[in-house]
Amino acid sequence: MNNLQKIAVVIDADNTQISKIADVLREISTRGRIVVKRAYGNWRKDSLKNWEVEIKRLAIKAEQQFDYVTGKNATDMALVIDTIELLYSNIYDAFVIVSSDSDYTPLAIKLHESGVYVMGVGEKKTPESFRNACDEFLFLENISTVVEEELPTSPVSDAGEKNDIASIHNLLKKAWEAFQDEDGYTNVSNAGNYIKRTKPDFDCRTYGVTKLSELLRAYPDKYEVAWSKKYSETLMYKYIEPEKRAGKYKKTSTKR
């Protein structure tokens, strides 16, 4: 499902990996627009001390929950209460619970019974009960970002290449994987919308071009760009896997 308009993401910091959170948000953004991002935990714990930098960078709202009794974690209860309040606001059409804890199974069931789309994200060790209570469950082990080595030369300006062009290539690949049609092509416009959801400050001019299509054409060894008559002259692109690259630039063609 990739047409969700208002997604709420709740993260149990005690039961997930901080190193994966950015990749998780990128994956969820292929389904639609994230409007709530909250992480729950007792931030005074040493085990969560590394979360601050990433939470700030990703604009996630940190919800503090003290442990009222030594050895007893109260984070899950705070997350559940807030999620139910969000549900009853009748604003959101999807909820994402990021945790490997089976204690969230009743919450997932309640959300599902209320008619919203429920997604879980956790490790493969997550109990089956929680996985089956969701409409969709993503394993953290399957969510990753591979940063490709940049080519030494490119038609894109040097100023643009000094910016995070590698992350844009990763997002373009992610969009291609998520939205490609049966012929292996992805609508350039859909890819652009996805990148803006994931990286709000994205602007083609940063990379020395004025349109996303121009950026794609600037890397003909990475992308094949084509006009599709099948979709009323829609501009499409295909990501070229590294092992299939011939090292030669390809010209824009017409996709039949």
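## A pocket, a sheet and its helices

The largest pocket has a volume of about 510 Å³. A pocket here is an open set of points on a 1 Å grid over the protein atoms alone, with protein on both sides within 12 Å along at least five of seven lines, and lining residues have an atom within 4 Å of a point. Of the 19 lining residues, the closest to the centre are L58, R197, T198, K199 and P200. The lining divides into seven nonpolar, four polar and eight charged residues. Helices α1, α7 (165-179) and α8 (188-198) and strand β2 each supply at least two residues of this lining.

A word on the model: it is predicted, local features need pLDDT of at least 70, side-chain atom pairs count only at pLDDT 80 or more, and totals for chains, interfaces and linings use all residues. Residues are numbered from 1 along each chain as its sequence is written, and side-chain values use heavy atoms, leaving out hydrogens and water.

Now to the sheet. Six strands form an open sheet with parallel pairing, in the order β3-β2-β1-β4-β5-β6. β3 (61-64) and β6 (136-139) are at the edges with a single partner strand each, so one side of each has no neighbour in the sheet. From one strand to the next, the twist averages 20°. β1 and β2 pair over seven bridges (DSSP must find at least two for a pair), and V10 stands opposite R38 in β2.

| Helix | Strands | Angle to β2 |
|---|---|---|
| α1 (residues 21-29) | lies across β1, β2, β4, β5 and β6 | about 150° |
| α3 | touches β1, β2, β3 and β4 | about 150° |

Helix α3 (residues 75-88) also packs with helix α4 (residues 105-113), at an angle of about 5° and with the axes 11 Å apart. That makes α3 roughly parallel to α4 (angles under 35 degrees count as such). The contact (heavy atoms within 4.5 Å) is made by L79, V80, T83, I84, L87 and Y88 of α3 and L107, K110 and L111 of α4. By class, this contact has seven nonpolar, one polar and one charged residues.

Conventions:
Axes are lines fitted to C-alpha atoms, for helices over the stretch in contact, and angles run from 0 to 180 degrees between N-to-C directions. Helices (H or I, at least four residues) and strands (E, at least two) are DSSP runs, numbered from the N terminus. Angles under 35 degrees count as roughly parallel, over 145 as roughly antiparallel, 65 to 115 as roughly perpendicular and the rest as oblique. Ala, Val, Leu, Ile, Met, Phe, Trp, Tyr, Cys and Pro count as nonpolar, Asp, Glu, Lys and Arg as charged, and the others, Gly among them, as polar. On a 1 Å grid over the protein atoms alone, a cavity is a set of points where a 1.4 Å probe fits but cannot get out, and a pocket is an open set with protein on both sides within 12 Å along at least five of seven lines; lining residues have an atom within 4 Å of a point. Grid points are joined across faces, edges and corners, and a volume is the space filled by probe spheres set on the points.
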